[in-house]
Amino acid sequence: MHADHLIKDALILWATIDPVGTLAIFAGLTARLEQKARFRTALKATLYSAIILISAVLVGQLLLSAMGIRLISLQVAGGIILFLFGLKMIFGNGAGEDPSHAEEGHDIAVFPLAVPSIASPGAIMAAIVLTDNHTHPISDQVGTVMVICLILGITFLFMLAAAPVIRLIGNNGASILIRVMGMLLAALSIELVFEGLNLFNLLQLPS
């Protein structure tokens, strides 16, 4: 297990899990929740994401190959789902507005926090590729899993730091933040789809 390998994996996983971006999304989605509910949501989102990413390391490659699914299809599908949720936030039905009016059975810790925000299609792809059985020995794969857990722990701490941000901006600021994050989520979803379909190159747009 080499330090440069771990550093490379850490940079890739940091970029795809994106703890800073998750902080902003978490703040918007949980702006109307109480502090204890925010803590539970952050903890569950982190644990769910850990289960998803570690499962991707263990069986993701075999499962996708068995089903004939290419990795890039995950990215496009995740982008479409993220776009729909972004629209929902923009037009006033975001999960962060009022937990008492949330859809029955909908847990924002699962969607969109764990998937597709933290355990994003990019993060899932990175977890699978960086632990490819054909190119990486077991020792390197174990190191990559440890890096995943470390970055998820940092992401959890970042989400806990959303509380003072929410107190600072108040209810009106929270409503604005919800819609701004909805717009950013929708824009991010377009990026995911365009990148997955290679449209940036086809349209000669800067990525």
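These legends cover the whole chain and then several close-up views of a predicted model.

Local features require pLDDT of at least 70 and side-chain atom pairs pLDDT 80 or more, while totals for chains, interfaces and linings use all residues. Numbering starts from 1 along each chain as its sequence is written, and side-chain values use heavy atoms, leaving out hydrogens and water.

**View 1. The protein chain has nine helices and zero strands.** Helices (H or I, at least four residues) and strands (E, at least two) are DSSP runs, numbered from the N terminus. The pattern along the sequence is α-α-α-α-α-α-α-α-α. Of the 207 residues, 43% are buried. Buried means under 20% relative accessible area, exposed over 50%, and partly exposed in between (1.4 Å probe, protein chains only). Among contacts (heavy atoms within 4.5 Å) with a separation of 6 or more, 86% join residues 24 or more positions apart. The accessible surface is about 11100 Å², with 69% of it belonging to carbon and sulfur atoms. Accessible areas come from the Shrake-Rupley method with a 1.4 Å probe; for residues, only the protein chains shown count as cover.

**View 2. Helix α7 covers residues 138-160.** Its 23 residues should span 33 Å at 1.5 Å a residue, and the end C-alpha atoms are 33 Å apart, which agrees. The expected span is 1.5 Å times one less than the number of residues. Buried positions in α7 include Gly143, Val147, Ile151 and Phe156.

**View 3. Gln141 lies in helix α7.** Gln141 counts as buried because its relative accessible area is 9%. Leaving aside residues up to four places away in sequence, Gln141 touches Thr131, Asp132, Asn133 and His136.

**View 4. Phe39 in helix α3 (residues 35-67) touches Phe156 and Leu160.** Those contacts do not count residues up to four places away in sequence. Phe39 has 40% relative accessibility, so it counts as partly exposed. Phe39 and Phe156 are 117 residues apart in sequence, yet 9.1 Å apart in space, C-alpha to C-alpha.

**View 5. The whole structure holds one cavity of 30 Å³ or more.** On a 1 Å grid over the protein atoms alone, a cavity is a set of points where a 1.4 Å probe fits but cannot get out; lining residues have an atom within 4 Å of a point. Grid points are joined across faces, edges and corners, and a volume is the space filled by probe spheres set on the points. The largest cavity has a volume of about 40 Å³. Its lining includes Ala56, Leu58, Gln61, Thr131 and Asn133.

Key: On a 1 Å grid over the protein atoms alone, a cavity is a set of points where a 1.4 Å probe fits but cannot get out, and a pocket is an open set with protein on both sides within 12 Å along at least five of seven lines; lining residues have an atom within 4 Å of a point.
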